[in-house]
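Here is a short report for a reader meeting this structure for the first time. Look over the sequence and the model before reading on.

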Amino acid sequence: MDENTHLTTWISRESKERFATIAQAHGLSESALLRRLVESTLSAAGALDTQVASSVEEMASSGRISVRLRQDDLIVLRERANARQLPMSTYVSYLIRAHLRAQTPLPTAELEALKRSVAEVGAIGRNINQIARALNQQQWPAGPSREDLRQIIRVLTMMRDHIKSLINANLASWDSGNAKTGS
């Protein structure tokens with residue numbers, strides 16, 4: 001059985017006429033010239049594939065890499081890492097992971113703060129639910145005292161402020177060092 005196959009395409013009439021003229025000038029049929037062009041292109045691509053494959057570095061088993069940065073980029077990196085209270089290498093690791101996996105980095109300290117915030121909000125919700133249940137069952141006919149409500153509002157305000165400061169710190173750490181530097 002024949003291993004060859006047919007390759008076709010549509011081009012403008014003018015391009016076909018020019019291609020036929022070139023083929024005739026080389027003493028070839030249009031099909032023969034087209035075959036030569038395809039084979040030439042594939043050969044060049046094969047050489048390119050070989051170059052790319054040979055230029056890929058072996059990955060270090062430790063997972064460590066070395067990167068050179070421009071001085072101004074290094075300053076910005078240090079500022080941003082310091083704003084997040086992270087070592088520069090850890091910050092770079094977060095950035096690379098975020099880029100490669102399309103995930104927003106969340107350092108451990110920020111994650112723990114958010115977990116604490118969620119736990120506190122859950123506790124407040126359970127307390128409010130208990131108050132509502134007691135009121136509905138008329139076990140607490142007077143309802144929460146003004147001091148109880150003030151305490152709830154105080155805690156909720158502190159929660160809001162804490163989460164806002166966490167979000168602002170997170171945003172500031174990504175924006176720090178954004179001042180224009182001389183390129």
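The sections below cover the fold, the pockets, a surface patch and the salt bridges.

## Basis of the model

This is a predicted model, in which local features need pLDDT of at least 70, side-chain atom pairs count only at pLDDT 80 or more, and totals for chains, interfaces and linings use all residues. Residues are numbered from 1 along each chain as its sequence is written, and side-chain values use heavy atoms, with hydrogens and water left out.

## Fold

Along the sequence the pattern reads α-α-α-α-α-α.

The chain has 183 residues, and 14% of them count as buried. Buried means under 20% relative accessible area, exposed means over 50%, and partly exposed lies in between (1.4 Å probe, protein chains only).

## The largest pocket

Rolling a probe the size of a water molecule over the atoms shows where empty space is left. A pocket here is an open set of points on a 1 Å grid over the protein atoms alone, where a 1.4 Å probe fits, with protein on both sides within 12 Å along at least five of seven lines. Lining residues have an atom within 4 Å of a point. A volume is the space filled by probe spheres set on the points, which are joined across faces, edges and corners.

The largest pocket holds about 700 Å³ of space. Its lining has 20 residues, and Val67, Ser89, Val92, Ser93 and Ile96 lie nearest the centre. Helix H3 (71–83) and helix H4 (88–101) each supply at least two lining residues. H4 gives the most, with ten. By class, the lining has twelve nonpolar, three polar and five charged residues. Ala, Val, Leu, Ile, Met, Phe, Trp, Tyr, Cys and Pro count as nonpolar, Asp, Glu, Lys and Arg as charged, and the others, Gly among them, as polar.

Together with Leu37, they form a nonpolar patch on the surface, with about 440 Å² of accessible area (Shrake-Rupley method, 1.4 Å probe). Such a patch joins nonpolar side chains within 5 Å, from residues with over 30% relative accessible area and no salt bridge. Leu42 sits in helix H2 (residues 30–55). Leu42 is exposed, at 58% relative accessible area.

## Salt bridges

The structure holds three salt bridges (a side-chain nitrogen of Lys or Arg within 4 Å of a carboxyl oxygen of Asp or Glu). One pairs Glu30 with Lys16, with the closest N and O atoms 2.5 Å apart. Glu30 lies in helix H2 and Lys16 in helix H1 (residues 13–25), so the pair ties together parts that are 14 residues apart in sequence. Glu30 is partly exposed at 31%, and Lys16 is partly exposed at 43%.

Asp72 and Arg70 meet in another salt bridge, at 3.0 Å from N to O. Asp72 is buried, at 16% relative accessible area, whereas Arg70 is partly exposed at 45%. Arg160 bridges to Asp161, with the closest N and O atoms 3.0 Å apart. Arg160 is partly exposed at 47%, and Asp161 is partly exposed at 38%.

Methods:
Helices (H or I, at least four residues) and strands (E, at least two) are DSSP runs, numbered from the N terminus. Patches are made of residues with over 30% relative accessible area and no salt bridge: like charges are joined within 9 Å, nonpolar side chains (Val, Leu, Ile, Met, Phe, Trp, Tyr) within 5 Å.
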